[in-house]
Amino acid sequence: MNIVVANTKGGTGKTTTAVQLALYLTGIGKKVLLVDADIQGSAFKALAERGKLEIEPIQPCAFLPDPVQLRTQIKAYQADYDHTVSYTHLRAHETKANL
């Protein structure tokens, strides 16, 4: 299943929601890829630090900030995971069609 957390407004909790959801699903035994589609890469950076510190659960995360390629890139990962959880800040030039 693909789960997308998106909003046009900043500061709405997109990163926190996506990370916590991914960690929860991983914690109950699902294979989950968190996709950080936000150009800031906050989740990717935070989870990289978690991994270095070996904080469980280790959460796989891909940094895919290109909205045009996002759908294709996520599809390439789908066979390896039960779920993908992605989040992004939708900028004015982006549409839901790219998700």
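Me: What makes Glu49 and Lys52 about one helical turn apart?
Reply: Glu49 and Lys52 are separated by about one helical turn because they are 3 residues apart in helix α2 (residues 42-52). A helix here is a DSSP run of H or I with at least four residues, a strand is a run of E with at least two, and both are numbered from the N terminus. The model is predicted, so local features need pLDDT of at least 70 and side-chain atom pairs count only at pLDDT 80 or more, while totals for chains, interfaces and linings use all residues. Residues are numbered from 1 along each chain as its sequence is written, and side-chain values use heavy atoms, with hydrogens and water left out.

Me: Why is the meeting of the Glu49 and Lys52 side chains called a salt bridge?
Reply: A salt bridge is a side-chain nitrogen of Lys or Arg within 4 Å of a carboxyl oxygen of Asp or Glu. For Glu49 and Lys52 the N to O distance is 3.2 Å, so the pair meets the definition. The structure holds 1 salt bridge.

Me: Why is Lys52 called exposed, and why is Glu49 called partly exposed?
Reply: Buried means under 20% relative accessible area, exposed means over 50%, and partly exposed lies in between (1.4 Å probe, protein chains only). Lys52 has 63% and is therefore exposed, whereas Glu49 has 41% and therefore counts as partly exposed.

Me: How do you know whether His83 is buried or exposed?
Reply: The relative accessible area of His83 is 14%, so this residue is buried. His83 lies in strand β4 (residues 83-89). Not counting residues up to four places away in sequence, His83 touches Met1, Leu25, Lys30, Lys31, Val32 and Leu33; contact means heavy atoms within 4.5 Å.

Me: What makes the charged end of Lys31 sit over the ring of Tyr81?
Reply: The definition asks that NZ of Lys or CZ of Arg be within 6 Å of the ring centre and within 35 degrees of the ring normal. The charged end of Lys31 is 5.6 Å from the centre of the Tyr81 ring and is counted as sitting over it.

Me: What makes a set of residues a nonpolar core?
Reply: Such a core is a set of buried Ala, Val, Leu, Ile, Met, Phe, Trp, Tyr and Cys residues joined through side-chain atoms within 4.5 Å. The largest has 13 residues, and those with the most contacts inside it are Ala18, Val19, Leu34 and Val85. Helix α1 gives the most to this core, with 5 residues.
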